[in-house]
Amino acid sequence: MIAGLTSALGMFQVPNASLQDTFKISNKKSSRIVSLGLLAVGLPSALSYSPINLNIFGTPFLDGMDYIFGTYGIVISELLFVVAVTWVVDKTKILEHINTNSSLKIPESAISFIKFGAPVASIVVILTSMFV
């Protein structure tokens with residue numbers, strides 16, 4: 001019980017500290033802002049399978065968010081990450097970082113394959129999930 005509470009408070013502290021540092025506000029004020037934000041984001045999902053039965057277009061709110069973020073959000077974030085890393089970061093730095101402590105050495109051609117193959121695969125996944 002205490003370990004779970006400590007973990008939850010630790011996750012709460014990250015956005016709290018960010019608000020304090022960025023906007024130079026007190027711990028009390030940032031805690032209120034984070035609490036209200038979490039309440040605003042979490043409450044609709046919690047109410048979707050309650051007696052209130054919060055639905056949007058006939059679908060429970062939680063299911064809608066799961067569909068949007070689970071189907072599209074993960075693939076789009078992967079696409080953005082791959083493009084940012086493989087198109088912006090120097091290929092030799094990527095390989096140096098990967099191959100430093102690895103027994104399996106990744107060739108330079110793998111980065112080129114990922115640079116073009118992963119975005120194409122991501123776009124295919126997005127299009128097929130939209131139209132199938």
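**Figure 1. Lys29 in helix α2 of the predicted model.** Lys29 is a residue of helix α2, and the structure in this and the following views is a predicted model. With a relative accessible area of 48%, Lys29 is partly exposed. The view also includes Asn16, which stands 13 residues from Lys29 along the chain. The C-alpha atoms of Lys29 and Asn16 are separated by 9.1 Å.

**Figure 2. Ser30 and its contact with the backbone of Asn27.** Ser30 belongs to helix α2, which covers residues 27-47. The relative accessible area of Ser30 is 0%, so this residue is buried. A polar atom of the Ser30 side chain lies 3.1 Å from the backbone oxygen of Asn27.

Figure 3. Although Asn53 is not a glycine, its phi is positive, at about 55 degrees. The relative accessibility of Asn53 is 44%, so Asn53 counts as partly exposed.

**Figure 4. The aromatic pair of Tyr67 and Tyr72.** Two aromatic pairs are present in the structure, and one of them joins Tyr67 and Tyr72. A pair of aromatic rings is described by the distance of the centres and by the angle of the planes. For Tyr67 and Tyr72, the ring centres are 5.7 Å apart and the planes stand at 90 degrees, so the arrangement is edge-to-face. Planes over 60 degrees apart are counted as edge-to-face. Tyr67, at 42% relative accessibility, counts as partly exposed. Tyr72, in contrast, is buried, with a relative accessible area of 17%.

**Figure 5. The aromatic pair of Trp87 and Phe116.** The rings of Trp87 and Phe116 have centres 5.3 Å apart and planes at 80 degrees, so this pair is also edge-to-face. Trp87 lies in helix α3 (residues 61-88) and Phe116 in helix α5 (residues 108-131), so the contact ties together parts that are 29 residues apart in sequence. Trp87 counts as partly exposed, with 45% relative accessibility. Phe116 is likewise partly exposed, and its relative accessible area is 48%. Lys115 is positioned over the face of Trp87, at 4.5 Å from the ring centre.

**Figure 6. A nonpolar patch on the surface that includes Trp87 and Phe116.** The patch is formed by Val83, Trp87, Val88, Val89 and Phe116. Together these residues have about 480 Å² of accessible area. Helix α3 supplies the largest share of the patch, three residues. Val89 is located in the loop between α3 and α4 (91-99). At 36% relative accessibility, Val89 counts as partly exposed.

**Figure 7. The salt bridge between Glu108 and Lys91.** Side chains of opposite charge can pair when their charged atoms come close. The structure contains one salt bridge, in which the side chains of Glu108 and Lys91 meet at 3.9 Å, N to O. Glu108 is in helix α5 and Lys91 in helix α4, so the bridge ties together parts that are 17 residues apart in sequence.

**Figure 8. Val125 in helix α5 and its separation from Val82.** Val125 is a residue of helix α5. Its relative accessibility is 41%, so Val125 counts as partly exposed. Val125 and Val82 are 43 residues apart along the chain. Their C-alpha atoms are separated by 15 Å.

Notes:
Residues are numbered from 1 along each chain as its sequence is written. This is a predicted model: local features need pLDDT of at least 70, side-chain atom pairs count only at pLDDT 80 or more; totals for chains, interfaces and linings use all residues. Side-chain values use heavy atoms; hydrogens and water are left out. Rings of Phe, Tyr and Trp (its six-membered ring) pair if their centres lie within 6.5 Å; planes under 30 degrees apart count as stacked, over 60 as edge-to-face and the rest as tilted. Buried means under 20% relative accessible area, exposed over 50%, partly exposed in between (1.4 Å probe, protein chains only). Helices (H or I, at least four residues) and strands (E, at least two) are DSSP runs, numbered from the N terminus. A charge sits over a ring if NZ of Lys or CZ of Arg is within 6 Å of the ring centre and within 35 degrees of the ring normal. Patches are made of residues with over 30% relative accessible area and no salt bridge: like charges are joined within 9 Å, nonpolar side chains (Val, Leu, Ile, Met, Phe, Trp, Tyr) within 5 Å. Accessible areas come from the Shrake-Rupley method with a 1.4 Å probe; for residues, only the protein chains shown count as cover. A salt bridge is a side-chain nitrogen of Lys or Arg within 4 Å of a carboxyl oxygen of Asp or Glu. A polar contact is a pair of N or O atoms within 3.5 Å; within protein, one must be able to donate a hydrogen and the other to accept it, and residues adjacent in sequence count only if both atoms are side-chain atoms.
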